[in-house]
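Thanks, everyone. I'll keep this brief. Please have a look at the structure, and then we'll go through a few places in it.

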Amino acid sequence: MSGGIFRRGFAFIAAAVLATAALVLSAGLAVSERAYVTSNAEGLARAARAAAAAFGAMPGGSDRAAVEAALAAALAKDSGYRITLVDAAGRVAVDTRAESAAMENHIDRPEVARALAGEASWSRRRSATTGEWMLYAASPLRGADGAVIGAIRLSLPLPALMEALGSAKTIFIVVAAAAALIALAASGAFVGSLARPVEALSERARRYAEGKAVAGAAPPAAGGGAAEGDRGLGAGAPAELRALSSSLDAMATELTRREAEAKALGERYSEIVASAAEAILALDANLCIVEANPAAHAMFGAKDASLIGSPVAQLPGGAALAELASRSIAAKQPTSDDVALYAKAGTTLRVSASPLGGALPGAVLTATDISVMKRLETMRRDFVANVSHELRTPIHLIRGFAETLRSGPAGGDAAKYLEIIERNAVRMERIVADLLQLARLERDPADWLHLESCSLDEICGSAAEAMQPQASAKSIKIVAELEPGTRFRANAGLVEQALVNLLENAVRYSPEGASVRLEGRAADGFVELCVRDYGPGIPAPDLERIFERFYRADKSRDRKSGGTGLGLAIVRHIAMAHGGSASTESWGDEGSRFMLRLPLGGP
Ligand code: ADP
């Protein structure tokens with residue numbers, strides 16, 4: 001019985017049993033003592049009445065006193081009582097234990113006083129004469145005329161009486177002690193029978209609470225031997241505790257199931273958040289990060305979980321993020337904005353903030369990198385502006401000269417005006433043709449690109465031949481240096497066009513009499529086609545951008561040169577359609593070199 005509640009319970013029951021036994025015992029003793037004394041006193045009183053009748057019937061005379069004394073002595077001897085006779089004034093006439101002459105007046109003794117008043121009675125008190133506890137019974141003595149002439153009192157020492165009662169008391173105490181012991185043993189056994197199953201239940205509940213055992217897997221309590229169905233309660237466990245045990249198991253099973261459900265749900269949400277492409281940040285009311293998914297860590301260049309706990313304001317662009325979150329919390333509604341990350345130049349985030357309520361006050365930020373979208377948007381705008389700009393000049397010229405021709409005779413200039421109109425119409429046609437070709441090249445190559453086995457010699461030869469008239473016009477020599485017998489899979493027409501575009505630029509930007517080199521070789525699984533010129537070169541800042549549509553290194557000069565500004569964009573798109581690349585390098589006044597790299601086996 002190790003459980004505190006049961007030890008205390010047993011102590012309580014034991015105290016109650018002992019207190020009850022003591023109360024019952026003392027009440028029983030008091031009642032029995034009283035009954036014993038009363039019955040003895042009443043017997044004494046009856047004897048006193050009988051003696052009074054005998055003494056009262058005695059004839060009077062001079063020797064009455066002696067007769068009374070003798071009779072009293074005889075009665076006392078036979079009965080063991082002390083006998084006292086008093087006259088009507090309370091004076092002691094005869095006493096069988098003491099010298100009557102020496103005894104004080106007994107008028108104030110209660111039983112004597114009542115007897116002298118004509119009424120028999122008894123009392124219990126300590127004797128003034130002998131000092132002993134005594135039981136007294138007195139009865140009036142009446143003369144022949146019925147008048148009270150004195151009283152007779154019988155007395156008995158109480159210790160003698162109590163001695164007789166003593167053995168009865170011993171029996172009482174023994175019986176009471178035995179009853180108390182039986183009650184204690186029975187309650188101990190009962191408490192013990194409750195303690196074991198309750199302790200087993202509490203141990204099981206503790207294990208469930210610690211999550212150490214799941215329902216249905218709890219081991220039987222120490223001591224073993226219990227039937228599987230007992231689950232450690234013991235065979236004699238009360239039905240109520242068995243029901244409690246079943247409920248506990250059912251509750252643990254339910255808790256285990258719900259815990260598993262909650263865990264699975266949590267894992268599912270974590271996976272969803274972790275796999276989201278958008279950066280997700282959960283902020284508390286102080287705008288500190290409490291959750292951040294891997295995309296958020298990647299976006300802000302932080303290691304795994306390192307963002308958690310830090311204020312959002314410390315992130316790159318954090319001031320704007322914090323401001324957005326505060327705004328959303330204050331307005332209690334979602335809000336969004338574009339945030340530029342100056343730490344990562346050219347990076348723009350579209351951030352949405354939604355307020356969180358309830359258990360987790362704060363906000364959730366979701367951020368998407370829209371830099372590419374922004375760039376595309378800028379390119380689209382630039383493109384439209386560039387096309388308009390490129391077309392506006394020839395349109396103006398055509399319109400102007402057409403109006404001039406219409407407004408009157410132009411004389412000898414008419415042919416010149418018509419030539420200008422035609423040249424600009426051709427220019428517009430070329431721009432539109434190049435734009436259309438670019439649009440075609442931008443489609444998925446799988447849908448339109450036809451590959452064939454191409455000979456490096458043939459393609460380069462055709463391109464050089466096509467450029468020959470323009471080159472000759474500027475006395476430019478095209479020098480080819482080609483790896484003989486090189487073949488590769490590509491669309492021959494497109495590769496030739498790319499080479500023509502590059503040669504055209506080389507011839508266009510080279511001074512008269514210069515030479516242009518056309519080189520071709522196979523290397524590392526690629527065919528490399530290079531066009532080298534010794535013209536003015538390309539300023540370093542423009543090197544990467546000259547492949548963009550309409551980009552010109554030297555705006556005024558290049559437009560006059562007659563190009564559309566789309567030649568290199570077409571070259572790059574042809575290279576990309578083949579799974580290759582186009583690049584350039586330049587050495588200032590020493591000219592430039594353009595290179596096409598195409599995979600030998602095709603894309
Ligand atoms: P364009 O029709 O104007 O030549 P491209 O797209 O072919 O358009 O070329 C873009 C720009 O690149 C040109 O305007 C010019 O500034 C520069 N460029 C191209 N090729 C050369 C070259 N060989 N030497 C110097 N600059 C060149």
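This is a predicted model: local features need pLDDT of at least 70, side-chain atom pairs count only at pLDDT 80 or more; totals for chains, interfaces and linings use all residues.

Let's start with strands. Strand 15, residues 526-532, pairs with strand 17 in the antiparallel sense, over seven bridges.

The chain has an average pLDDT of 87. At least 70 is reached by 95% of the residues. One stretch to treat separately is residues 217-228, where the pLDDT is below 50. Beyond near neighbours in sequence, that stretch has eight contacts in the model.

Back to strand 17. Which strand do six bridges join to it? That is strand 16, residues 581-586, and the two run antiparallel. Here the pair to look at is A582 with L596, its bridge partner in strand 17. Strands 16 and 17 form a hairpin, with five residues between them. In that turn sits G588, with a positive phi of about 60°.

Now to the surface. L265, Y269 and I272 make a nonpolar patch of about 310 Å². Y269 belongs to helix 5, which covers residues 239-275. Is Y269 buried or exposed? Its relative accessibility is 51%, and the cut-off for exposed is over 50%, so Y269 counts as exposed.

That's my tour. Over to you.

Note on methods: Residues are numbered from 1 along each chain as its sequence is written. Side-chain values use heavy atoms; hydrogens and water are left out. pLDDT is the predictor's confidence in each residue, from 0 to 100. Contact means heavy atoms within 4.5 Å. Patches are made of residues with over 30% relative accessible area and no salt bridge: like charges are joined within 9 Å, nonpolar side chains (Val, Leu, Ile, Met, Phe, Trp, Tyr) within 5 Å. Accessible areas come from the Shrake-Rupley method with a 1.4 Å probe; for residues, only the protein chains shown count as cover. A salt bridge is a side-chain nitrogen of Lys or Arg within 4 Å of a carboxyl oxygen of Asp or Glu. Helices (H or I, at least four residues) and strands (E, at least two) are DSSP runs, numbered from the N terminus. Buried means under 20% relative accessible area, exposed over 50%, partly exposed in between (1.4 Å probe, protein chains only). Two strands pair if DSSP finds at least two bridges between them.
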